[in-house]
Every structure is written in C-alpha cells, then in structure tokens.
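Hi everyone, thanks for making time for this one. I'd like to walk you through a structure, so please have a look at the screen.

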Amino acid sequence: MVIRAIREAVGDSLLIELRINGSDAVEGGITPEDCAEQLKIFEPYIDMAHITCGHRIDALTRPKMHPTGFHPMAHNAWASEIVKKSGVNIPIGLVGGVYDPAVAEDVLAKGQADYVLMARSAMADPELVKKAKEGREDDIRPCLRCNYCMDHGRRVALSKDLHLLAYPSYDRQCMTNPMQFQSAQKLRIAPAERSKKVAVIGGGVAGMNAAISCADRGHSVVLYEKTDRLGGQALLSDPMWFKKEMKLFHEYLERQVKKRPAITVVYNTTATREMVEENDFDAVIVAVGAEQIVPPIPGVEKAMMSFDVFGHEDRVGKRVVIIGGGAIGVELAIHLNGLGHESTIVEMAENLASKTELTERTAYMIHLDKNKVKTMVNTTCTEITDKGVRVKNADGEQFLEADTVIIAVGTRALETERDQFTDAAFDVISAGDCVKASSIVHAVHSGFDAGLTL
C-alpha cells in the first residue's frame, strides 16, 4: 500500500528501487523464495530491487547485513540468484561487501544479479568504477569492511548472552580514505607554495600516508624504514584469513608509494637526528610507531609477545592462555583456535575488544563462540610459570595450565625515538602511533594530515 501510494504520487517521473531481504538470516525468517513472491506483488509499482539480508530485531545478524572480513564477498549472491530465476520481471541487484570489480563482473556473468551495488567501497574510493573502467584496479583504495563509516562512536556493549545493551549516536569517518566525510576545504588539496625536502621516519601506515600526501602536493620525500618491508604493524594481519582486507590495504599503500617518483624509500635504515641534520631536510614527519607493553607480571619473561606469534604460529603449543582481551588478543585467539589450538583469554576489564566498533565487535563475539575460545573477564593474571598462569577474580584464585602464554595487553608510543627529532628541522610533525597508540584510522588520518600542513 505504501509503495503503491508513492508510485501514484510520483507517477513515472522517478525510479523506485526497493531494498529487500533475500534472507532474514534468522530461523523462521524470510527465504529467497518468500522474497520472490513478495516482489511479484511489488513489481507493478517498482522499477528494480536489490537483495540484502539480516534482521534488525536480532543484533547478531548485523555483521551479515553489513558483512565484515569474516564473510566472503557477494555473500548474498546465492539469494539474489534464486530471486532472479523465480519469474520476477524487474532487474535484481546485489548488495553486500563487494569491493572487487572482478567479483562484481563474476556475479553478472553467472546471472546471479542484473546489477551490483557498492556503498562502503565507494566511500573508500569514490573513483572505484572509473579506475576499473580504465584498467587501474591496482589504484583502487580497498575497503576494510570494518564498518567504521557506520559505527564510529557507537560504544556499545554485548551481554554474555550476546544481546545488545547500548546504541549511542555517532559521527562518520572512513578508515582508509582520509578525504571521506571531510570539509570542502580539506577535499581541495592545494599544491604546496614551495617544494620542500621532507624526511618521513617510519614506513608503516602513517608514514606511507604522509609520504603520499607530501608527494602529491609537490614535495620531495625520503621515506626511511628500519626493516626491509613497508607496512609496519599492518603486516601482522597477513596470516589471518579474516584480515585479508588489511593486507590488500597495506599493499595498496606500498604500490602508491612506489608509483610516485618524488618518493625515495630507504630500507633497513634506522633514521637518526644526525642523519636528518646532515641531509638538511626542510621538514620531518615522525611516524616511528609504538612498542608492545610488557606488564609487570612475575614470570612475564616466560611468555611470548603477541606480535611475535603472527607468522610464527608453529612456535605456539596446543593449550594457550592470552593475557589481554583487546582487539589483538581477540583476533589472535580466533586465529589460533582456527588452526587447532585451545585458547583462553584473560582480560582485566569487564568487556572484550571494548575499543572496537559495533559491527566489528559483534563479529568478534560470534567467532569467539564459534571457534570455542574460552574467555575470562574481570580477571587479573598474577603470575606466569613454566606450566601456565595464576589468575585472580571475584571467585578467588585459580591456575590455568598452558603450553604457551601470550602477552597482548596493548602498545605505547615510542616517545624516545620520536622526541630525538625535536627541532631537527624547521618543521617537525609526529603522526600515527608515536603520537598515541591507537588504530589504523588514526594512522591514516594523522599521516595524511601531516602532509597537508607543509
């Protein structure tokens, strides 16, 4: 009745497109066959429809409605294909985590949909379609499917039975595109008044964004990286199947750095103040990152640090205790249990992954449960031994046996390495984790903004 009234009001002057579930993704919910029957009722009044999934009443379907890295691309294609082949006579579209033009083309070629919609991907790179048309897929800025664009500021909690407890207001940012949701002034990137010689210290996400931003404004950049690879902490995500978008992102940044003749990368070099002064740089952007925190727990020297686990999972025993239930600890537990380990997370605070966004955290909680990760919140580790850890909570003290104990309690800014460059050039700007240990979005935006200030 509503759709018919709209059509009567607008006549043929506007297209009407309907977004509809091909599946509610809950027991007893709408199926693709149900959706097709609905569309046969609606099609006299609409011009096209696209297929999504999920259910507002069940918060746990949110990571399906707005798919995270735990879902494959085009995860609604099975439903749109059934709907399209059920006698519906209007164009059927597909939405849901499609950020690769090749996947979109594959959906169309298989007849699973008549058209494909990209929302978050278009925010990460508004020129996605144009670049694909021009054969420049390598220049498409990837979407991380982190849902930061939708969820930023929604500091929510999920109860132990995975019910949503809070849903506050939010503001928008894109984790990979520093120009999205910004003022018109920032979107107009003016060439520099004078080309400067700029040193960027650190080749992580912040450093690469700073180098790109500087080069695009006309500066000459020397990017110093102490290892033989660009990427910084983002490289830690490479072994995890559900973090494949992060790998695509740091590889994208590396390609963009290498494509710019104005950027010279110096590998295997730890930059010093003396090096900067000797080369007479006009400006320095310091992006040296952060270091892992080693908590003052008796026996901590017997544990592995979380960063040392990624890529070296063969060093980890069967039974694992992870001290720290932030995003890194949670991802590590899901990753290790997926490889056959038995992980227990010990977290001091009340909630796991408390600094992550709504959809991402919901996905974490689902997959912690799915991968049978044991968790202990409001629990303190008091000692690490050769055989496990001693913990304390409201129920008293207990000993958890473990073959491997892993420390994942967070990072802190490398202040000493950062501060050595104070006054080393006319302009010295810090960016990324060396300002404050934070997230990828902080690294992207602070690095990009550093280049705009010169």
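Let me begin with a term we'll need: a crossing of two helices is right-handed if the near helix is turned clockwise from the far one by less than a right angle, and left-handed if it is turned anticlockwise. Please also keep in mind that this is a predicted model.

With that in hand, let's go to helix α2, residues 32–42, and helix α4, residues 77–84. α2 passes α4 in a right-handed crossing. Their axes lie 8 Å apart, and the packing angle is about 45 degrees. Who makes the contact? On the α2 side we have P32, E33, C35, A36 and L39, and on the α4 side W78, A79, I82 and V83. Sorted by class, that contact of α2 with α4 has eight nonpolar residues, one charged residue and no polar ones.

Now to the interior. As a general point, nonpolar side chains in soluble globular proteins tend to be buried together. Here, the largest nonpolar core has 34 residues. The residues with the most contacts inside this core are V200, V205, F249, I285 and I440. Which elements each supply at least two of its residues? They are the strands β5 (197–201), β6 (220–224) and β8 (283–286), together with the helices α10 (205–216), α11 (244–259) and α16 (440–452). The largest share of this core comes from α10, with eight residues.

Let's zoom in on V200 for a moment. Leaving aside residues up to four places away in sequence, V200 touches G207, A210, A211, V221, V222, L223, Y224 and I285. There is also a second, separate core, which has 26 residues, with M240, L332, I345 and L352 among them.

I'll finish with two backbone details. A353 is not a glycine, and its phi is positive, near 50 degrees. You'll find A353 in the loop between β12 (342–346) and α14 (358–370). Is A353 buried or exposed? Its relative accessible area is 2%, so A353 is buried, the cut-off being under 20%.

The other one is N378, also not a glycine, with a positive phi of about 50 degrees. N378 sits in the loop between β13 (374–376) and β14 (380–384). Its relative accessibility is 45%, so N378 counts as partly exposed.

That's my tour, and I'm happy to take questions.

Terms used
Residues are numbered from 1 along each chain as its sequence is written. This is a predicted model: local features need pLDDT of at least 70, side-chain atom pairs count only at pLDDT 80 or more; totals for chains, interfaces and linings use all residues. Side-chain values use heavy atoms; hydrogens and water are left out. A nonpolar core is a set of buried Ala, Val, Leu, Ile, Met, Phe, Trp, Tyr and Cys residues joined through side-chain atoms within 4.5 Å. Buried means under 20% relative accessible area, exposed over 50%, partly exposed in between (1.4 Å probe, protein chains only). Helices (H or I, at least four residues) and strands (E, at least two) are DSSP runs, numbered from the N terminus. Contact means heavy atoms within 4.5 Å. Axes are lines fitted to C-alpha atoms, for helices over the stretch in contact, and angles run from 0 to 180 degrees between N-to-C directions. Ala, Val, Leu, Ile, Met, Phe, Trp, Tyr, Cys and Pro count as nonpolar, Asp, Glu, Lys and Arg as charged, and the others, Gly among them, as polar.
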